Amino acid sequence: MSQVLRQHAEQQFAHELDALSQVDDRARPPNWKLSPWAVLQYLMGGTLKNGVEISPKYIGNSRLMEIAVTTLATDRALLLYGVPGTAKSWVSEHLAAAVSGDSTLLVQGTAGTSEEQLRYGWNYAQLLAHGPSEKALIPSPMVNAMKRGKIARIEELTRIPADVQDTLITVLSEKTLPVPELESEVQAVQGFSVIATANNRDKGVNELSSALKRRFNTVVLPVPATEAEEVQIVMKRVGEMGRALALPAEPPALEEIKRVVQIFRELRSGQTEDGKSVRIKSPTSTLSTAEAISVINSGMALAGHFGDGVMRAADVASGLLGAVVKDPVQDTVVWKEYLETVVKERGEWKDLYRACREQL
């Protein structure tokens, strides 16, 4: 039987969740699978008193995760906010997995998301044959979360049209969802909450109304504070994804990962890490940590399938070009300038400079 490409968090880390449940003797909010303490342990990682190692799911400020967890233990919804690639979706999934044991009650926000996707829809064959009824109603993930006392997730909330966003207000404030066609309502069971993610960098962003903002407690997830922190994140995720994809290549050398992360951080900030260089231009792309992971994985795939299994500068160059150059005119100028003024001047980076110039 074929394996799924990517398991849900509650499946992939089931052994960790089970181990935490066994040692978790703290108070649990109604319908929570774990206590807030254990949920934080699951997110931040560590060694349990029974010797089980819990892998870190979020590498960063633990206080942010404490605020996120405690928000879900109150009657307020949680909004994870930040630029693309700051692990908003990742944290959302793992929070839902640890709190509810189910991260699948998900609405993906787009410009085409309708009220029905957030509230409920209808089986029109049943509707025409028998009129409005419970049998004809198609519950949304939100309705299912309310009925079961679980976490509902909304990805990219600010991509959803503003008038559709506001259908959440009654759910978040009253914990009920009116169904006027049946002269009834869905009342949320204890344990129900909402985790939404949003960013303000992509095109097509719709601002949240002030009424909706008040229903959320917002936690801003920043880009990794230091190069070492970002390198640690990239190494961890590259290792996990390399095993999941069965890439026939050796794990990349630490120095290769450091180079990619340093390039991303310098182009993001507009100056070199040592602060000695004059300011450099930043491209239009976000150059997130997630994109750095993608560049390394692409390099591993090239080395494994078309090389000798060892990732080198030539394997990384094409991924770097694709990540940096999103606008073929503006970003190409920025990338060429960075190569000539920064990369070329670093003696230990000559191989990367040549490989990147060849790609151009």
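Helices (H or I, at least four residues) and strands (E, at least two) are taken here as DSSP runs and numbered from the N terminus. The structure is a predicted model, in which local features need pLDDT of at least 70 and side-chain atom pairs count only at pLDDT 80 or more, while totals for chains, interfaces and linings use all residues. Residues are numbered from 1 along each chain as its sequence is written, and side-chain values use heavy atoms, with hydrogens and water left out.

Leaving aside residues up to four places away in sequence, Tyr338 is in contact (heavy atoms within 4.5 Å) with Ile263, Glu266, Leu267, Ile280, Val343, Arg346 and Trp349.

The backbone also deserves a look. Most residues other than glycine have a negative phi. Glu156, in the loop between β7 (151-155) and α9 (162-165), has a positive phi near 55°. Its relative accessibility is 19%, so Glu156 counts as buried (under 20% relative accessible area, with exposed over 50% and partly exposed in between; 1.4 Å probe, protein chains only). Lys175, found in the loop between α10 (168-174) and β8 (176-179), likewise has a positive phi, of about 60°. Lys175 is partly exposed, with a relative accessible area of 24%.
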